Each structure stands twice: as structure tokens, then as C-alpha cells.
Amino acid sequence: FFDEPFPMFPISSLFGSATGDTPSPTPSTVANYQTRIHRFKDWAFGSEAVAAETVRRIFLRALQAAFGCQTSLTLLDAGCGPGRDLQAFARWEGGRHRAVGFDPCPEFCELARQATGCTVLQQEFR
């Protein structure tokens, strides 16, 4: 599935330096999603769900291989959107793990809370 290595580059090349000389991209991203919140939710839980399930299964198998049944995990879904993956993480292995999400878009946070019952924080990526 992942035949090519992921490109590696410094995060500052995307967002500027830590000195604050480049504004956060978060407000414009949130504004973009706010104009199409329900269309994105329908896409995430609809046509995109099959592709996401494939990647999620690979990820969860890797977690299982790394940690086995030794411990209960807390899974952080950064940029959880409307909660599609967060919901799957919360149900994984019969719900014995804790799933927490965060997203900068308040509407996505509310949708994710409603869909999952999980803790979802409104938080920017910084």
C-alpha cells in the first residue's frame, strides 16, 4: 500500500518559522470547512469511508502488533473532523481503549462529539 516513502521536509517550510513571522493557516482552513461542513461529513462517512477503512486497519494492526493486549491505549485523533476515524478508534477491540479527538473547527468538534460520545477538543495545530 505504501510503496513510496513519505516525503520528509521541515514543518517550518510549510508554516514559517517559530518566531511568528507567518500567520497561522488555521483560520482560513476553518473558514473553508465551515462553508461545507455537512458536505464534508457526507463525504467522510460516505464515499471516502471505504478508503479510510483500509488505511485505518493497517494502522490498528500496527498498534496491535506493537502493544498487544498488554495495555489499554489512549488514541489521539489530531484533526478528527466529523469523527469518522475517532468513532472507529473508540470501538476498536470492544471499546477498551480511550479515543480523544481535536480539531480547530468548532462545528466538526460538535459533530464528532455527537457521533462518538468521545472527548473532542477544539484546538489549533501549533
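## Salt bridges in a predicted model

E53, R56, R57, R84 and D85 are linked in a network of salt bridges. The model is predicted. The count of salt bridges comes to 6. Three of these pairs are listed here.

| Pair | N to O distance | Location |
|---|---|---|
| E53 and R56 | 2.5 Å | helix α4 (residues 49-67) |
| D85 and R56 | 2.3 Å | helix α5 (residues 84-91) and helix α4 |
| R113 and E110 | 3.2 Å | helix α6 (residues 106-116) |

**R56 and its partners.** R56 takes part in two of the listed contacts. Its side chain meets that of E53 at 2.5 Å, N to O. E53 and R56 are 3 residues apart in helix α4, so about one helical turn separates them. R56 also meets D85, at 2.3 Å, N to O.

Is R56 buried or exposed? R56 has a relative accessible area of 10%. Buried means under 20%, so R56 is buried. E53 has a relative accessible area of 27% and is partly exposed.

**The pair in helix α6.** R113 forms a salt bridge with E110, their closest N and O atoms being 3.2 Å apart. Both residues lie in helix α6, 3 residues apart, about one turn of the helix. R113 is partly exposed, at 32% relative accessibility. E110 is partly exposed too, at 37%.

Technical notes:
Residues are numbered from 1 along each chain as its sequence is written. This is a predicted model: local features need pLDDT of at least 70, side-chain atom pairs count only at pLDDT 80 or more; totals for chains, interfaces and linings use all residues. Side-chain values use heavy atoms; hydrogens and water are left out. A salt bridge is a side-chain nitrogen of Lys or Arg within 4 Å of a carboxyl oxygen of Asp or Glu. Helices (H or I, at least four residues) and strands (E, at least two) are DSSP runs, numbered from the N terminus. Buried means under 20% relative accessible area, exposed over 50%, partly exposed in between (1.4 Å probe, protein chains only).
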